[in-house]
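Reader: I'm new to this one and would like a close look at a single part. Could you pick a helix and walk me through it, then show me a few spots elsewhere?

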Amino acid sequence: MSTKKILIADDEKRMRKLVSDFLKKEGYSIIEANDGEEAIDLFEEEKDIDLVILDVMMPKYDGWIVCRKIRKKSSVPIIMLTARSEEFDELFGFEMGADEYVKKPFSPKILVARVNALFRRSKEEKEDIQVFGKLKIDDNAKGVYIEDESIDLSPKEYELLLYMINNKGTALSREQILNNVWGYDYFGELRTVDTHINRLRIKLENQSDLIHTVRGIGYRFEVDK
């Protein structure tokens, strides 16, 4: 199993070393940034960071700005560190996309426990996340993404895509799709399926070739090998 990589961003060298030492003992790989700008640069350069720990008060870019910039591109877990204890600040952190909010001073062992818990939670959530090339489906959030950019699907388009994914590799007739997505009591025309498939392909853009047309039958979701 690969080592999890954690980015720690804090302008206090002593604090970074303290947190880094405890996390390294747990087997994590650590990279450090001493300000918000460096944190963003490292996150974009490294590409494979599994979790980010951000101090709120940092030079150049504060933790809120870094959190917001990262969250626009990634769903990686983020822990905010702050000396401020007001409820408003904590709520603001969650609104920015933070997953955890740890107040200074804190026990490094507690922080390590929070990190471990976040990784366990992420592992459980990933069971409901399916990835096919650049296409990602998060059934927890009912979200569809291409290269982490959200795709706006109607509820029926989402249901259609999920049905095809759950039956990937199988040629599905229009009747099967209509009965399972629209329901057996639906009396619409079979071309309803074709219309929705066409709309879905348009929205999937460069990932539209995941939906194959099976001549004389219907459609199949398949990842080319």
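Author: Let's begin with a word we'll need: a residue is exposed when its relative accessible area is over 50%, and buried when that value is under 20%. Keep in mind that this is a predicted model.

Now take helix 1, which runs over residues 13–25. On the side turned away from its buried face, helix 1 carries the exposed residues Lys13, Arg14, Lys17 and Lys25. And which residues of helix 1 are buried? They are Met15, Arg16, Val19, Ser20 and Leu23. If you look down the axis of helix 1, those buried residues fall within an arc of 125 degrees, so they line one face of the helix. As for its length, helix 1 has 13 residues and reaches 18 Å from its first C-alpha to its last, close to the 18 Å expected at 1.5 Å a residue. After the helix comes Gly27, with a positive phi near 95 degrees.

One of those exposed residues, Lys25, has something else to show: its charged end sits over the ring of Phe22, 5.2 Å from the ring's centre. You can find another such arrangement at Lys136, whose charged end sits over the ring of Tyr145, 5.3 Å from its centre.

While we're on rings, the structure holds three aromatic pairs. In one of them, the ring centres of Trp64 and Tyr101 are 6.4 Å apart and the planes are at 10 degrees, so this pair is stacked. It links distant parts of the chain, with Trp64 in helix 3 and Tyr101 in strand 5, 37 residues apart. Both Trp64 and Tyr101 are buried.

Another pair, Phe132 and Phe221, is edge-to-face, with 5.1 Å from centre to centre and 75 degrees between the planes. Here Phe132 belongs to strand 6 and Phe221 to strand 12, so to speak a link between distant parts of the chain, 89 residues apart. Phe132 and Phe221 are both buried, too.

One last stop is Asp55, in strand 3 (residues 51–55). An unreviewed UniProt entry annotates Asp55 as "modified residue: 4-aspartylphosphate". Is Asp55 buried or exposed? Its relative accessibility is 5%, so Asp55 counts as buried. Setting aside neighbours within four places in sequence, Asp55 is in contact with Ala9, Asp10, Asp11, Gly63, Leu81 and Lys104.

Note on methods: Residues numbered from 1 in each chain as written. Predicted model: local features only at pLDDT ≥ 70, side-chain atom pairs only at ≥ 80, totals over all residues. Heavy atoms only, no water. Helix = DSSP H or I, 4+ residues; strand = E, 2+ residues; numbered from the N terminus. Expected span 1.5 Å × (residues − 1). Buried < 20%, exposed > 50% of the residue type's maximum accessible area, 1.4 Å probe, protein only. Arc of directions from axis to C-beta. Phe/Tyr/Trp six-rings, centres within 6.5 Å; stacked < 30°, edge-to-face > 60°. Lys NZ or Arg CZ within 6 Å of the ring centre and 35° of its normal. UniProt positions renumbered as here; feature names shortened; annotations may be inferred. Contact = heavy atoms within 4.5 Å.
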